[in-house]
Amino acid sequence: MNLLSSRRLLLLVLVALVLVAGQLAVPGFTSPAQMGNQLKIATFLGLFGISQTLVMIAGGQGLDLSVGAAATLGGIIGAALIGSVPGGLAAAFVGAIACGVVIGLVNGVGIATFRVPPLVMTLAMASLVDGALIVWSSVVQANTAASPGLVMLSGRNVFGVPSVVLLWIVAAALTFGFLEHSAWGRRLMATGANPTAAWLTGVRVHRVRIAAYVASAVIAALTGVLLVGYVGQAFLGLGNTYVLTSVVVAVIGGVSLAGGRGDYLNVAFATIFITVLTSLLTALQIGEAGRQGIFGITLLAFLAVNRLTLRTVR
């Protein structure tokens, strides 16, 4: 059994253990309705996890702390377009894509061309976007409510499965196929693993890293639109709670902080694990301090696993 399969099995076992513990402690914890709700919650975190997976694999100590701001901007602009132009739902997604492209380009150019550390660059971008949105909300009276179509897209079930979960499954399959079986995915892996060697083989390292940050921001902005449909309206800070958690699920899923290594299926299983664990701790009425302590121990344990895995690979 290879290392990726071993981690996948470990995560599946942990998910099963949490579900069994939850059912024993809180009857109904694994009911179909509850499971469907947990998968809905996991979907949004899983989509943000795609963003972090791409930039972390690209290397250079890649992280994207602007995904929350990109989601908030995409959600607010999307909601505004829904209420002001014909074909508002399609316009909302197009507007979100445009917002993501701008944010991702600025991040990518700053990081790849001007060598600004990703932590600093994306944090500065998040602050800039959040500040601009505060000014926007105080000056412009735009629609913030989700349209019925967007609510249906984010909330309806298809053959008993939430539609957003189906969207996540499609996105996960595309991400996995892209990373494992496409030429661009191989270039992304090579860039993160050894940028100098990648450059010598003809890979345009700067362009690959810029593209990774553009993709990250676009995915985050589109997720922001879906979040508006899920919660019913756009508001400041819409995506902020997902910023650090998306990094956590990427790390637990085995994506290397040094770049060049990662498997999105493991990140998806890590997302489900964190979601059901959070749900169980909430159902047991564990306080904030206790929850943070458990999450911290979990993260440290998986960082140790990542370290051992890296040594084994070497």
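These legends walk you through several close-up views of one predicted model.

The model is predicted, so local features need pLDDT of at least 70, side-chain atom pairs count only at pLDDT 80 or more, and totals for chains, interfaces and linings use all residues. Residues are numbered from 1 along each chain as its sequence is written, and side-chain values use heavy atoms, with hydrogens and water left out.

**View A. Asp 263 and Arg 8 form a salt bridge.**
A salt bridge here is a side-chain nitrogen of Lys or Arg within 4 Å of a carboxyl oxygen of Asp or Glu. In this pair, the closest N and O atoms are 2.4 Å apart. The two partners come from distant parts of the chain, 255 residues apart: Asp 263 sits in the loop between helix 11 and helix 12, and Arg 8 in helix 1 (residues 3-25). Helices (H or I, at least four residues) and strands (E, at least two) are DSSP runs, numbered from the N terminus. Both Asp 263 and Arg 8 are buried. Buried means under 20% relative accessible area, exposed over 50%, and partly exposed in between (1.4 Å probe, protein chains only). Side chains of opposite charge can pair when their charged atoms come close.

Glu 288 is partly exposed, at a relative accessible area of 44%.

**View C. Helix 3 and helix 4 cross each other.**
Follow helix 3 (residues 67-82) and helix 4 (residues 88-113): their axes come within 8 Å and cross at roughly 150°. Axes are lines fitted to C-alpha atoms, for helices over the stretch in contact, with angles running from 0 to 180 degrees between N-to-C directions. The two helices are therefore roughly antiparallel; angles under 35 degrees count as roughly parallel, over 145 as roughly antiparallel, 65 to 115 as roughly perpendicular and the rest as oblique.

**View D. Ile 41, Tyr 230, Val 231 and Phe 235 make a nonpolar surface patch.**
Together these side chains have about 320 Å² of accessible area, from the Shrake-Rupley method with a 1.4 Å probe, where for residues only the protein chains shown count as cover. Patches are made of residues with over 30% relative accessible area and no salt bridge; like charges are joined within 9 Å, and nonpolar side chains (Val, Leu, Ile, Met, Phe, Trp, Tyr) within 5 Å. Ile 41 belongs to helix 2 (residues 32-57) and is partly exposed, with a relative accessible area of 36%.

**View E. Arg 115 and Phe 159 each have a positive phi.**
Most residues other than glycine have a negative phi. Arg 115, which is not a glycine, has a phi of about 60°. You will find Arg 115 in the loop between helix 4 and helix 5 (118-139), exposed with a relative accessible area of 66%. Phe 159 is not a glycine either, and its positive phi is about 55°. Its place is the loop between strand 1 (157-158) and strand 2 (161-162), where Phe 159 is exposed, with a relative accessible area of 83%.

From Ala 258 to Asn 194 is 9.9 Å, C-alpha to C-alpha, with the two 64 residues apart in sequence. Arg 261 and Val 55 are 206 residues apart in sequence, yet 11 Å apart in space, C-alpha to C-alpha.
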